[in-house]
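Hi,

Here is the structure I promised to pass along.

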Amino acid sequence: TPADAWRERFELLLAREKVFDVQADRARQQADLVELELLAAQLNDAAAQAEVALRQARCFEYLGDFVQAFAAVERGLHVAPPSTLETAALKIMAAGLHHRQGRHREALVWCQAALETADLPPVHRLRAHAESLTGVIQTYMGQPQEALEPLELALAQYVQLEELPRQVDVSVNLGIALFMRAESGDWTHAYSHLRRAQGLAERMGDIERQAHIGNNLGWLAYCLGNADLAIEHFTFCLTVWMAGGGKLMTAIVRTNLGAAELARGDAGRAITYLREAVAALEEVGARGQLAETRRYLALANLAARDMDAARHEAQTALDLAREVEAPLDEAGAQRVLGQIAFTAGDLGAAEAALQASRQLLIGRNSRYELAQTMTCLAEALIEQDRHEEARPLLVDALAVFNELDAGRELAYATRVMDTIVT
């Protein structure tokens, strides 16, 4: 019958679309999604229509078209039967889209709504996905300690469910949370998670996930002081994501390339990458990532001695961080404003901004960020001949950088300590 033929064609395309997704073949993926939408309507199958809407939303998210992605989610929720797995999946998708655009509290509400869906079993990939996304959002909100429990729960579920791709994703997110918390042994533990994820992604032949892992390995290399290795990782990621049309991830890795080029001493190249990243993030509406990018652009302009541009970018970064309620980004922006004021010789403004950064970071389980701020604050205090106030700040910062083996910051803090008059 025609219905049987439509059903057979639908199942075939559904499987093929998944392959195109893994291969990052967006043109053929989109073509299949158009036909899948028509077939689902012909079948008059609400669950099938919801599944297609979800896959459309994922594709649009990757391409950086959040308007279309939200529209697909709304279509899916309109037709999906209530309290079903399809409904839970669409709610998780909505949470992810809110997160990408910096609306973290709304995202957490959607995650909780998904976890409360009546037909969601105690052990299920969607429950694990909601827990994983909850952990990611808490990390972005400056709560890496709170992020670990849901992420570890998600990983345990994915291991039980034998879902290798999701094990990779959660391992990466655990690495990020551990990196941001930066307690004793956390960076080593983060690296082990990333290497495990890398092995799984290579085993699956999943180039997209290899790029995600490479991006995080590159950031870890950057923080350990190896800018050249970081750039090698980031360049691989940029090649993969540009080929696949991933606007959002391309913008994110350009931010990281800008930071690494700045660390290597090439402010001009850093500014080019960061301006490209800002333009792309603004185009797709990814406000959750813009604060960090503009903060690094401020630092690059400061290195290039363009003080007006540096101030503008740092203040914009601060405003964005406050808008999306990202305290770690807010603290980072305050730190950069302090560095700009210090360079301009306005020691009072420098101290005020750096103290604000310090207060934002105290109690947030982000020792690495706090140590960076304390180093800059100590430098401002030394310039005011307040050496005894600066010394304990530097002692604490040096202990953190030594423990984490953060080579670049360790060298800088050591130079600052050497200027203290005994």
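Helix α2 (residues 26–43) and helix α3 (residues 46–62) have axes that come within 9 Å and cross at roughly 155°. Bear in mind that this is a predicted model. Angles over 145 degrees count as roughly antiparallel, and α2 and α3 are therefore roughly antiparallel to each other. Their crossing is left-handed. On the α2 side the contact includes Arg26, Leu33, Leu36 and Ala40, and on the α3 side it includes Val52, Arg55, Cys59 and Phe60. Sorted by class, the contact of α2 with α3 has nine nonpolar, four polar and three charged residues.

The other pair is α9 and helix α10 (residues 186–204), which pack at about 160° with their axes 8 Å apart. That makes α9 roughly antiparallel to α10, and the crossing here is left-handed. Among the α9 residues that meet α10 are Val168, Leu174, Leu178 and Arg181, while the α10 residues include Asp186, Trp187, Leu194 and Leu200. This contact has 14 nonpolar, five polar and four charged residues.

Now for the arginine. Arginine 181 sits in helix α9 (residues 164–181). Is arginine 181 buried or exposed? Buried means under 20% relative accessible area, so at 15% relative accessibility arginine 181 counts as buried. Its side chain is joined to that of aspartate 186 by a polar contact of 2.8 Å. Leaving aside neighbours within four places in sequence, arginine 181 is also in contact with Pro144, Gln145, Leu148, Asn365, Ser366 and Arg367, among others.

Cheers

How values were computed
Residues numbered from 1 in each chain as written. Predicted model: local features only at pLDDT ≥ 70, side-chain atom pairs only at ≥ 80, totals over all residues. Heavy atoms only, no water. Axes fitted to C-alpha atoms, helices over the stretch in contact; angles between N-to-C directions. Helix = DSSP H or I, 4+ residues; strand = E, 2+ residues; numbered from the N terminus. Parallel < 35°, antiparallel > 145°, perpendicular 65-115°, else oblique. Left-handed = near helix turned anticlockwise from the far one by under 90°. Contact = heavy atoms within 4.5 Å. Nonpolar A, V, L, I, M, F, W, Y, C, P; charged D, E, K, R; others polar. Buried < 20%, exposed > 50% of the residue type's maximum accessible area, 1.4 Å probe, protein only. Polar contact = N/O pair within 3.5 Å; in protein donor to acceptor, adjacent residues only side chain to side chain.
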